[in-house]
Amino acid sequence: MMRTKTSAKDLLMRYTPVAVALSLLAVISSSVSHSQSPQALDPRAVALIAEGRSALAAGQVDGAVDAYESALTVEPGSVTVLLGLAEATRRQGMQGKALHYYRVALNNDPRNLVAIAGEGMALAEKGATEKANRNLARLQTLCGKSCSEAQNLAAAIAKGPSPRMVSADAVTTKQVVSEN
C-alpha cells in the first residue's frame, strides 16, 4: 500500500470551496437575523410606558418609576422601558441606579444615542466629568456635534455635578455614647 503525501495546495483546493460555502451561509444567516425588525411590545407594556411618560412629564417621578418598573416586568430587557426607567431614576437623584439601567440598555443596543447621552448625563451629575466626556466624544463620532443628544450632554457636562446628589463624605454621623 502506497501512501501519498498531500501537499498544502491539495488541501487548499480540497477545502476552500467548503470553507467559502460555510462562510457565505454564516453571513447570510447573520444578516437575515440582524435585519429582522424588533418584535412589537406587549400592549400592557405600551400602556405602562405611556403612563410612565405622562407621570414624568407631570413631575410625578415616583409614579413614573413605578410605571416603568411594572413595564419592565412585562417586557424584561426592553431598551425603551430601560431608557424610561433610567431617565426617571436619574430625575430622582439616583444616578447610580440610572447608570445601571443605561448600561443594561447599552448592552442590548450599543449604538443607542439616547442611552449613551443619558449615561453621560448621569456621570456628569455624579461629577465623573472625564467619563462623561468620553460619552460625549462617542456621541459626536456617531451623530456629529450638532445632534441633540450631543448638545444636551455637552450642556450637562458644562453645568457640572447635580446639587441633589449627596456623597457619603458629606454625611456626618453623630457619635452617641449611652450607658447599658
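In this predicted model, R134 forms a salt bridge with E130 (a salt bridge being a side-chain nitrogen of Lys or Arg within 4 Å of a carboxyl oxygen of Asp or Glu), and their closest N and O atoms are 3.3 Å apart. Because R134 and E130 are four residues apart in helix 7 (residues 129-143), about one helical turn separates them; helices here are DSSP runs of H or I with at least four residues, numbered from the N terminus. E130 is exposed, with a relative accessible area of 61%, where exposed means over 50%, buried under 20% and partly exposed in between, using a 1.4 Å probe and protein chains only.

| Pair | Closest N and O atoms |
|---|---|
| R134 and E130 | 3.3 Å |
| E119 and R103 | 2.7 Å |
| E69 and K97 | 3.9 Å |

E69 and K97 form a salt bridge that links distant parts of the chain, since E69 lies in helix 3 (residues 61-74) and K97 in helix 5 (residues 95-108), 28 residues apart. E69 is partly exposed at 30% relative accessible area, and K97 is partly exposed at 33%.

E119 also forms a salt bridge, with R103 as its partner, and this pair links E119 in helix 6 (residues 113-126) to R103 in helix 5, 16 residues apart. E119 is buried, with a relative accessible area of 9%, whereas R103 is partly exposed at 39%.

Residues are numbered from 1 along each chain as its sequence is written, and side-chain values use heavy atoms, leaving out hydrogens and water. As the model is predicted, local features need pLDDT of at least 70 and side-chain atom pairs count only at pLDDT 80 or more, while totals for chains, interfaces and linings use all residues.

Methods. Helices (H or I, at least four residues) and strands (E, at least two) are DSSP runs, numbered from the N terminus.
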